[in-house]
Amino acid sequence: MTRTVTPMLKAVLVSLAAVAITGAPVVARPFDEVVKDGTMRVVLYEQNAPFSDLKDGKPWGIEVDLAEAIAKALKVKAEIRLVDAGENVDGDFRLNLWKGDLAGSPLADLMLHVPTDKLLAIRNEQIFMTRPYYDEKLAFAVRKSAVENFDTVGDIGSAAIDVEGNSASDAMLLTAQGGQFRSNLKHFKSFDEAAKAFLAGDAPILAGTRANIEAALFAAKASKDEIGIKQLALGGPVKLSWEIGGAVKSDSRDLGYAVGDALTAMAENGALKSIFEKYGVEYTAPKGY
Amino acid sequence: MRLRDQFLTAAGALALLVGAAAMSAPQAKEPEKAAASGGVSDQDILNDAKTPEDVVSYGLGPQAQRYSPLKAINKETIKGLVPAWSFSFGGEKQRGQESQALIKDGVIYVTGSYSRMYAIDSRTGEKLWQYEARLPEGILPCCDVVNRGAALYKNLVIFGTLDAKLVALDQKSGKVVWKKDIDDFKGGYSYTAAPLIVKGKIITGVSGGEFGIVGRVEARDAETGEIIWKRPVIEGHMGELNGKESTMTGKVNETWPGDMWKYGGGATWLGGTYDPETNLIYFGTGNPGPWNSWLRPGDNKWTASRIALNPENGEIVWGFQTTPHDGWDFDGVNEFVPFDLNKGGKTIKAGATADRNGFFYVLDRTNGKFISASPFVEKITWAKKINDDGRPDYDPAFRPGDPSKATGDEKKGKSVFAVPSFLGGKNWMPIGYSPDTKLFYVPSNEWGMDIWNEAVSYKKGAAYLGAGFTIKPIFEDHIGSLKAIDPATGKVVWNYKNKAPLWGGVLSTAGNLVFTGTPEGFLKAFDAKTGEEVWKFQTGTGVVSSPITWEQDGEQWIGITAGWGGAVPLWGGEVAKTTAGINQGGSFWAFKLPKKLATR
């Protein structure tokens, strides 16, 4: 097994070795076993376009391409399984990476679309996060003809907003400015439905993640002169941006490093950027990378 | 003695046969009904509470009082109660067994975890057939893979599956007669309750906690599974009758802001009861969504409520909201048990319900009018009391904070210690009522929770506003508490304390006994008047189901499903300590009191 370790990763390895002394469990499916097996089992979310979804019976999306590119770099085959999102990401870790679901589905070696949040990592000691590969932000699509200037919170006024129910944007809008936008919201079961309604002229504003919005406008070939994308700093407890990476089981850290190295190489050679662009999403690198 | 009994039984059967022949003669032109001989009729279901030789409905009768007139087993004779046989559900699948068994014509029908069903010879414990639903990969049941029981109708035995299907099997062969989707499991729907049969219709609710779910009650033709009516429980939604839109539930925006009623929650996951006297179906409805109450000002009807429905058309006749504007996940699906209340020399057609929120309510079952409410768990904090109009007197200090006013780096908002916890003063486990003692028997739990807005939460890889919570016991020595409650005064007459949380239903008998199971593995019997523990049996695994009793060959039998699981082991912390080390299982135990001991 040959692989390069960047200086930064070396530092992480040293600090992790200190942790390992206190009693790391037996390694379950580390890097060399995945290589020996020749397949890496990757879990992605279903109904999570443009990152991953089922299209014409096949996995489709940015992270499907990404998983395959990572597998290629590790010289293995990606075996992709699409799963429904559970009640929260903590639960998804449990179901897909370390404990398993009630139907007895096989555990995955790698999960993508994981928020690389330190607090999330601390309270889920059974998993280990890779380096992030994308910086996600909450945003709005605005029909320029309907909303003249859209620069501050006050510009929303009484304009209707199409939004996926129970999403980050929904939580942000329900809690922002003491809840003054609650009656503006038109809720949909999924972002897809909200975007379809917006594109059909239902409301002048669409809320969602930047990737969601860019991909939806790209797929609909919407004109940039007519529809703009904006990020607004609204008050409230909900995070407006977070970084996305991968996660492995905590006793498969070396696999996590190998995935991280592959991601680093892809960020450097422009492969990440072109995967995102294929789906109409502007690649935004995580801070510090 | 024995010979004489046998003769009497044979003579009785002969008389019945003659009667049946005489009665069926004029109806010979209805082959369908003739074919149902030996099956379960509507009349059998309505009479279930009075016919101790069988149990043909969940709750021992549609009122679900869980009372049997059998009295051979009593405080004195119970020491002779012995296991007759035990049946293993087999397979590698265990987890929580919450099923109440049914018995008809010498066959026990009992469901198991993972949507399985067994038919067992009630005398010998031999398996007659078994059915295993083929569950799709990727089901995400929130709270274990339980099933709470089946319904019998004519020649069918009907139950719901974790992938939200209703399956009707032939009682004799176990073969599928019909199978219908309640909803799409991919959308977060599931089904775990025992269905209810009312006048040839099978009545079900829905389980599921995902965004987008709106609770509803549905009636189908029990023989074909075809939908007759649907009633969404959240205001603004249209009902359905015979394939056409019927009426709207409530009025749009009466108690919900904006369009949030569209996805209001109110899952009806525990099933219902039926009262033939008022001809009403009673259902409990779950909590509203999103969980934080500040995001949805208003009462949010009909979440956390009891509603009464007309079985013919699914119209809501009355509603009573136990927790208006719920902010604690007081998922008020709890069953409403009809009974006759004697108060001030009058008999009132009443009903009682022990709510997740910790209060025991008595309502007029004809119109939903509030009669009384009293706490059935201790140290309740979220409300100071229930006011005379039936609304809670909230304590604002114990409502989780307004997230739009949260400050600080983690923006947690205010953490509060709410009692009871979201698992409830009472969860799913059914209560019982004895017309002899005129007491309700309520399996309850004494626990609270720290609850706060969790800003660092993610769903499907994206930020969202979650709830953080830690469940904590209130007392050092116990969480579980089986209480006898006088519905006329609201007073707790006796209280049996159990170290682990109680998670199983009760059964009371004319023998002045109350039976219930414990996670520690015991099936226990108590003196119904005093609460004195008079008998126990260790099943070898935790008991989280509801017991039944029946008479067979002149002997009284007791039956219970055993197998540890349910929602309790899914939550860690202090509570988990009380159940650590309990092994899983999956079996049905049958006990009998041999005749020679009964007469001593």
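In this predicted model, B:Trp302 sits in a loop of chain B, the one that runs between strand β18 (280-284) and strand β19 (305-309). The peptide bond that links B:Lys301 to B:Trp302 is cis, with omega about -15 degrees.

Chain A also has a cis peptide bond, which joins A:Ala49 and A:Pro50 with omega about 5 degrees. A:Pro50 belongs to the loop between β1 (39-45) and β2 (53-55) of chain A. A:Gln47 is found in the loop between β1 and β2 of chain A as well. Although A:Gln47 is not a glycine, its phi is positive, at about 55 degrees.

From these loops we turn to the layout of chain A. The domain assignment divides chain A into domain 1, made of residues 7-134 + 243-278, and domain 2, made of residues 137-230. Taken over C-alpha atoms, the centres of domain 1 and domain 2 of chain A are separated by 31 Å. The UniProt record, an unreviewed entry, carries the annotation "domain: Solute-binding protein family 3/N-terminal" for residues 39-282 of chain A.

Two packed helices are described by the angle between their axes and the distance between the axes. Helix α3 (residues 62-73) of chain A and helix α10 (residues 271-278) of chain A have axes that come within 9 Å and cross at roughly 150 degrees. An angle over 145 degrees counts as roughly antiparallel, and α3(A) and α10(A) are therefore roughly antiparallel to each other. The crossing in which α3(A) passes α10(A) is right-handed. On the α3(A) side the contact is made by A:Ile62, A:Asp65, A:Leu66 and A:Ala69, and on the α10(A) side by A:Ala271, A:Ile275 and A:Phe276. Sorted by type, the residues of this contact of α3(A) with α10(A) are six nonpolar, no polar and one charged.

α3(A) also packs on helix α9 (residues 253-268) of chain A, at an angle of about 110 degrees and with the axes 9 Å apart. This angle makes α3(A) roughly perpendicular to α9(A). The residues in contact are A:Ala69, A:Ile70 and A:Ala73 of α3(A), with A:Val259, A:Ala262, A:Ala265 and A:Met266 of α9(A). The contact of α3(A) with α9(A) divides into seven nonpolar, no polar and no charged residues.

The next topic is the interface between the chains. In chain A, 40 residues are in contact with 36 residues of chain B. On the side of chain A that touches chain B, the elements that give two or more residues are β5 (110-115), α5 (118-122), α6 (168-175), β9 (185-188) and β12 (241-249) of chain A. The largest share, four residues, comes from α6(A). By type, the residues on this side of chain A are 18 nonpolar, 15 polar and seven charged.

Chain B carries an annotated site. The UniProt record, an unreviewed entry, places the feature "binding site" at B:Glu98, B:Arg148, B:Thr192, B:Asn427 and B:Trp428. These residues span 331 residues in sequence, yet no two of their C-alpha atoms are more than 14.0 Å apart, so they gather at one spot. One of them, B:Arg148, lies in the loop between β6 (127-132) and β7 (151-153) of chain B.

Conventions: Residues numbered from 1 in each chain as written. Chains lettered and ligands numbered in written order. Predicted model: local features only at pLDDT ≥ 70, side-chain atom pairs only at ≥ 80, totals over all residues. UniProt positions renumbered as here; feature names shortened; annotations may be inferred. Contact = placed C-beta atoms within 7 Å. Nonpolar A, V, L, I, M, F, W, Y, C, P; charged D, E, K, R; others polar. Axes fitted to C-alpha atoms, helices over the stretch in contact; angles between N-to-C directions. Parallel < 35°, antiparallel > 145°, perpendicular 65-115°, else oblique. Left-handed = near helix turned anticlockwise from the far one by under 90°. Domains from an automatic or database assignment.
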